[in-house]
Structures are given as C-alpha cells and as structure tokens.
Amino acid sequence: MNEMTLALVAALKAVNEQIPCIIDCLVTDTLSAGKQREFGGLLIELGELLREYADAADAAPIPRRGPAMPLK
C-alpha cells in the first residue's frame, strides 16, 4: 500500500469510528450545532481526500497485487 492509500484508509477509519456516536446523538437530539459542523467538516475533508486519490489513480494507476501481479 502506498502513502496516499494509507492516508485515505486512516481517514476512513477515523470517520467510521465516530459514526455510531454521531448517529446516537442525532437520534437523541443531543448533537450540538458545533459538533455537527465539526463532523461535517471531517466528511468534506474525507471527500476531498478521496477525490484526490481518484484523480491520482486516473493520472497513474496505483499498482495492486493480485493474480495479475504475483508476489515475488
């Protein structure tokens, strides 16, 4: 896995860990407007990172290991 993939995976995991609490707080109407904005900002940053990742993949395909690329 390259550095860009590692960064994307780390960002996805970080957001994923927060989602259960965010859902609970939304359901119980206890998520403050500030926290909503903070989490929204994280989602926007994640979206931008994913877009950059896709753009980089279009420019130069990310090498992947699989049947076409056996381990040496």
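A polar contact is a pair of N or O atoms within 3.5 Å; within protein, one atom must be able to donate a hydrogen and the other to accept it, and residues adjacent in sequence count only if both atoms are side-chain atoms. The views show a predicted model, in which local features need pLDDT of at least 70, side-chain atom pairs count only at pLDDT 80 or more, and totals for chains, interfaces and linings use all residues. Residues are numbered from 1 along each chain as its sequence is written, and side-chain values use heavy atoms, with hydrogens and water left out.

View 1. Helices are DSSP runs of H or I with at least four residues, numbered from the N terminus. At the start of H1, a side-chain oxygen of Asn2 comes to within 3.0 Å of the backbone nitrogen of Met4. Asp29, which follows H1, has a positive phi, near 55°.

**View 2. The kink in H1 at Ile19.** The bend is about 35° and lies shortly before the proline Pro20; it is the angle between axes fitted to the seven residues ending at a position and the seven starting there.

**View 3. The buried residues of H1.** Thr5, Leu8, Val15, Ile22 and Cys25 are buried, that is, under 20% relative accessible area (1.4 Å probe, protein chains only). These residues pack against helix H2 (33–59).

**View 4. Surroundings of Phe39.** Leaving aside neighbours within four places in sequence, Phe39 is in contact with Val15, Gln18, Ile19 and Ile22, where contact means heavy atoms within 4.5 Å.

Notes: Helix = DSSP H or I, 4+ residues; strand = E, 2+ residues; numbered from the N terminus. Buried < 20%, exposed > 50% of the residue type's maximum accessible area, 1.4 Å probe, protein only.
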